[in-house]
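Okay, everyone, let's get going.

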Amino acid sequence: MTADFRSDTVTKPTAAMRRAMAEAEVGDDVLDGDPTVRALEERAADWLGKDGALFVPSGTMANQVALGAWAFPGVEVIVEERAHVVLYEAGALSALHGLQTYTLPSDRGALDPEAVRAAIRPEGIHSPRTGLICVEQTHLESGGRVVPLANLEAIRGVAREHALPVHMDGARLANAEAASGIPANDWAAAADSVSVCLSKGLGAPVGSVIAGDEAFLLRAKLLRKRLGGWMRQAGVIAAAGLLGLEEGRANLEADHRLARELAERLHALSGLSCPPDGVETNIVFVKIEDERFPAPLLAAALEERGLRVLIHSHDVVRCVTHRDVGPSDVDELEAALRAILSL
């Protein structure tokens with residue numbers, strides 16, 4: 001049996017989710033509306049404190065629906081330089097919507113509000129118009145760091161000064177809520193639209209939601225239609241997402257504790273570095289300091305032992321804790337790495 005630490009997207013639906021999917025009340029969501037999809041959208045909107053929400057198949061589609069709903073071709077988006085929408089969405093921002101980015105460095109995902117203010121373009125015919133600011137919570141490339149609420153509120157303040165919308169890629173917003181104790185609606189209030197992934201820490205097999213006000217949702221529905229994300233009897237999968245939203249959040253604190261334990265144990269091994277005080281949620285980046293084992297070689301050696309990690313770069317692998325890995329899997333990972341590095 002394989003212990004899979006590559007991502008929290010690898011979780012399998014629980015028995016309760018499978019029952020909910022099998023028994024879901026459904027309808028044609030495009031023609032008449034699907035009752036289970038409506039229930040999920042209403043619950044997500046309530047959790048996030050927004051007027052409403054839309055159910056879509058994926059996190060990338062959720063972000064791209066939002067970006068396309070806010071901005072038009074030739075407009076510039078201010079965004080952190082290592083954001084998911086920049087690195088991991090196959091250039092969709094430009095390919096689908098004709099948008100360009102003004103990327104800024106950050107302190108582990110937290111943009112400097114003054115740098116954001118300075119990046120906003122003055123009116124003029126020679127430069128693109130600034131149309132949107134995009135933030136990310138939690139910040140993936142910083143190891144799942146929770147971007148402080150005060151920072152996000154300061155950026156929202158800058159945006160309001162210039163009448164600009166803010167979109168929050170909140171794929172793992174539930175993890176930020178669990179780690180900080182700050183309710184999701186407080187985080188979501190720092191943005192005009194929010195996307196949340198149901199198939200990461202919340203454990204659903206598929207799907208994301210996008211939330212915002214009524215005017216935004218009207219535009220977003222058009223983009224969802226254009227991108228093929230408006231589904232038919234989608235209650236079959238929405239039922240699992242609803243259960244993940246209702247019950248999956250309760251598991252996240254345990255995931256976070258296990259991630260910190262994993263980091264402590266691996267950081268103690270000669271040849272590895274992953275300071276546990278940098279682990280805030282369920283993501284652990286492990287830097288390999290033993291030059292004999294570049295990340296692809298180390299990952300392959302672990303796979304031979306039934307353990308899977310994600311290659312992040314030449315000398316970094318990623319481990320993510322989730323519902324389907326436990327303390328015994330961490331024991332096995334530590335033992336395997338100890339044996340490999342001792343070769």
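So, what covers the buried residues of H7? The cover includes H6, strand S5 (130–136), strand S6 (166–169) and helix H9 (184–188). Contact here means heavy atoms within 4.5 Å, and buried means under 20% relative accessible area, with exposed over 50% and partly exposed in between, using a 1.4 Å probe and protein chains only. Helices (H or I, at least four residues) and strands (E, at least two) are DSSP runs, numbered from the N terminus.

Before I go on, this is a predicted model: local features need pLDDT of at least 70, side-chain atom pairs count only at pLDDT 80 or more, and totals for chains, interfaces and linings use all residues. Residues are numbered from 1 along each chain as its sequence is written, and side-chain values use heavy atoms, with hydrogens and water left out.

Back to H7. Its buried residues are Leu149, Asn151, Leu152, Ile155, Arg156, Val158 and Ala159. Remember that an α-helix has 3.6 residues a turn, so residues three or four places apart point the same way. H7 has 13 residues (149–161), so it should span 18 Å, and its end C-alpha atoms are 18 Å apart, which agrees. After H7 comes Ala163, with a positive phi near 55 degrees.

Ala118 sits in helix H6 (residues 113–119), and it counts as exposed because its relative accessible area is 64%. Its C-alpha is 13 Å from that of Val77, 41 residues apart along the chain.

Next, the sheet. Four strands make an open sheet in the order S9-S10-S13-S12, with antiparallel pairing; two strands pair if DSSP finds at least two bridges between them. At the edges are strand S9 (272–273) and strand S12 (310–313), each pairing on one side only. Strand S10 (residues 283–288) and strand S13 (residues 316–320) pair over five bridges, antiparallel, and Lys287 stands opposite Val316 in S13.

Which helices pack on it? Helix H12 (residues 252–267) touches S9, S10 and S13, and its direction makes about 10 degrees with that of S10. Helix H13 (residues 295–304) touches S10, S12 and S13, at about 170 degrees to the direction of S12. For those angles, axes are lines fitted to C-alpha atoms, for helices over the stretch in contact, and angles run from 0 to 180 degrees between N-to-C directions.

In the loop between S10 and H13 you'll find Asp290. Buried or exposed? At 15% relative accessibility, Asp290 counts as buried. Leaving out residues up to four places away in sequence, Asp290 touches Gly271 and Leu341.

Last stop, the aromatics. The structure holds one aromatic pair. Rings of Phe, Tyr and Trp (its six-membered ring) pair if their centres lie within 6.5 Å; planes under 30 degrees apart count as stacked, over 60 as edge-to-face, and the rest as tilted. Here Trp70 and Phe216 are stacked, 5.0 Å centre to centre with 20 degrees between the planes. Trp70 is in helix H3 (residues 59–70) and Phe216 in helix H10 (residues 214–226), 146 residues apart, so the pair links distant parts of the chain. Both Trp70 and Phe216 are buried.

Methods:
Expected span 1.5 Å × (residues − 1).
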